[in-house]
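Let's take a quick walk through this two-chain model, starting with each chain and ending with how the pieces pack.

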Amino acid sequence: MSPRPQSAAESLSTAPASSSTSSDSFTSSTSASLSLWPGLWAIFSKEVRTEFRTRELLVTTAVFALTVVFLFSFSFDPTSEESRRIGPGLLWIAFLFAGTLMLEPAFLREQTNDTLSALRLAPIAPSAILLGKTLANFLFLAITEALLIPVFAVFYNVSVAAVLPGLALVCLLGTLGIVIPGTIFSAVTAHARMRELLLPLLLLPVLTPILIAATESTAALLSDPPEWPAMGLKLLAGADIIFLTAACFLADSLLEE
Amino acid sequence: MPTNRIFWPAARIVAALWMAAAGYAIFFVAPDESTMHEIQRIFYIHVASAWTAGVAFFAVALSGALYLIKRDARYDWAGIAASETGFVFTTVVLITGPIWAKPIWGIWWTWDPRLTSTFVLWLMYAAYLLLGTLVDDPQRRPILRGIYGIFAFVNVPLVFMTIRWWRGQHPSPVIAGADPKSGLDPAMRAILFFTWGATLALFAVLMRDRYRLEAIRGATDDLRQQFDDSSQAAQPVIAARPGGG
């Protein structure tokens, strides 16, 4: 039985030889007690630092998403006309699957050394832990999308250069909509058996509105001539706000011991 | 309690009789619909089950929220009972819907807002039930269940709105709809509400039984825990856990 960690900073990161860097930023934030932003930033930077030491999650997810996009090319004739019709849905299904896989370890990683208890002992609000992780997951999924969209454009003969700002906005809102419930459910399934199956099972039905709105918005942008998906963006933003509010309310219950 | 011993068996009989009476009303009292004829009679069960499923889904979210606030196991039991019963009613809706749709619309299924949301609802109920069976920690299980119940509930109007925006062909609401012409015959309306009452009574009885089962299960777990604790106390304690209780 290992004793309870003396300082939360000692076991903040699961990666070895990382305590010096992560404790620096962490101890500086503890003085701010329970205010949201310093804690959020500390968790976010710790997540990002842990990930960029190995880049395991990013590389694995990017290759997975690429495989999905590649395999979809056999399900229809990837001409320019067909791609415009089916492509947006394909793209968002790939993002959804990639996101589901990527979100799995968000809280599982903390179980190896029981570092979640340390995070809970630290003077950080539970919502800061949840939102810090959500923000990190957002960054990871956004990077994957940024890598995938050019490949998609080349593979499926779709021109995205002209509508890039709109597409970026759709991706921003859509990705937020995926990672906010996703991070919550990854904390929910971290304690379950068969969690690899349970997470998509919980998450994908809840993401139905995000998938529909993001797909339709992307389709509007890629149509010829491009249309501005005002309604889709509104729905995405509304869903994001609803999910975010629910996340803030439920964080305390979710992360309690 | 004596009231329970009289009330619930009586409620069971009332629910059974009410269901039978609703069946009679649907087939022998309800007027013939001018275009759809006999097949339209499935409407009463279909809509009543859908409303009851909605009530159940609301009960799931409410008991989840109450559990998170009050931390009383009884709310968790109510959540389990409501979700399982609601799952059954949602299944009834999803089965009677296509049976009605095939002769009228010519297809079994169409991806319109209400069908799709009902299906998403069904999927979320299934996920909710699975979540309960796959989390072993008895302390954590009700919390996680409550959180998912709330999230799923918040999601239903979102699903409905998104789908309605992009696709739709279901008949516009006949009860509380905006269109004054799409009214429902008074006799039909009365029988619909009568059937709804029957399904609600059935729902109450089923939910109560399921709740009792869960309460008995909770009491058994407590007893088992007590037994484990006392038998452990009788033996020499090996090592006290730091901070354990």
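## The two chains

In chain A, residues 24 or more positions apart account for 79% of the contacts with a separation of 6 or more. Keep in mind that what you're looking at is a predicted model. Chain A has eleven helices and zero strands, so reading from the N terminus is simply α-α-α-α-α-α-α-α-α-α-α. Of its 257 residues, 48% count as buried.

Chain B also comes without strands: its secondary structure is six helices and zero strands, following α-α-α-α-α-α along the sequence. Here 31% of the 245 residues count as buried. As for contacts in chain B with a separation of 6 or more, 79% come from residues 24 or more positions apart.

## The nonpolar core

Which residues have the most contacts inside the largest nonpolar core? They are L202(A), L131(B), I147(B) and Y148(B), in a core of 127 residues. Helix α2 of chain B (residues 42-70) supplies the largest share of this core, with 13 residues.

Leaving aside residues up to four places away in sequence, Y148(B) touches V188(A) and L202(A) from chain A, plus Y128(B) and L131(B) from chain B.

## Where the chains meet

The contact between the chains takes 31 residues from chain B and 27 residues from chain A. On the chain B side, the elements that give two or more residues are α4 (113-134) and α5 (141-166). Of these, α5(B) gives the most, with 16 residues.

## A helix pair in chain A

Now for a pair of helices within chain A. Helix α2 (residues 36-54) and helix α7 (residues 126-155) of chain A pack at an angle of about 40°, with their axes 8 Å apart. Because of that angle, α2(A) counts as oblique to α7(A). The crossing of α2(A) past α7(A) is right-handed.

On the α2(A) side, the contact is made by L36(A), G39(A), L40(A), I43(A), F44(A), E47(A), V48(A) and E51(A). Facing them, α7(A) brings residues including I129(A), L131(A), G132(A), K133(A), L135(A), A136(A), L139(A) and F140(A). By class, the residues of this contact between α2(A) and α7(A) divide into twelve nonpolar, three polar and three charged.

Conventions:
Residues are numbered from 1 along each chain as its sequence is written. Chains are lettered from A and ligands numbered from 1 in the order in which they are written. This is a predicted model: local features need pLDDT of at least 70, side-chain atom pairs count only at pLDDT 80 or more; totals for chains, interfaces and linings use all residues. Helices (H or I, at least four residues) and strands (E, at least two) are DSSP runs, numbered from the N terminus. A residue is buried if 20 or more other C-beta atoms lie within 10 Å of its own, exposed if 12 or fewer, and partly exposed in between; C-beta atoms are placed from the backbone. Two residues are in contact if their C-beta atoms, placed from the backbone, lie within 7 Å. A nonpolar core is a set of buried Ala, Val, Leu, Ile, Met, Phe, Trp, Tyr and Cys residues joined through C-beta atoms within 7 Å. Axes are lines fitted to C-alpha atoms, for helices over the stretch in contact, and angles run from 0 to 180 degrees between N-to-C directions. Angles under 35 degrees count as roughly parallel, over 145 as roughly antiparallel, 65 to 115 as roughly perpendicular and the rest as oblique. A crossing is left-handed if the near helix is turned anticlockwise from the far one by less than a right angle, and right-handed if clockwise. Ala, Val, Leu, Ile, Met, Phe, Trp, Tyr, Cys and Pro count as nonpolar, Asp, Glu, Lys and Arg as charged, and the others, Gly among them, as polar.
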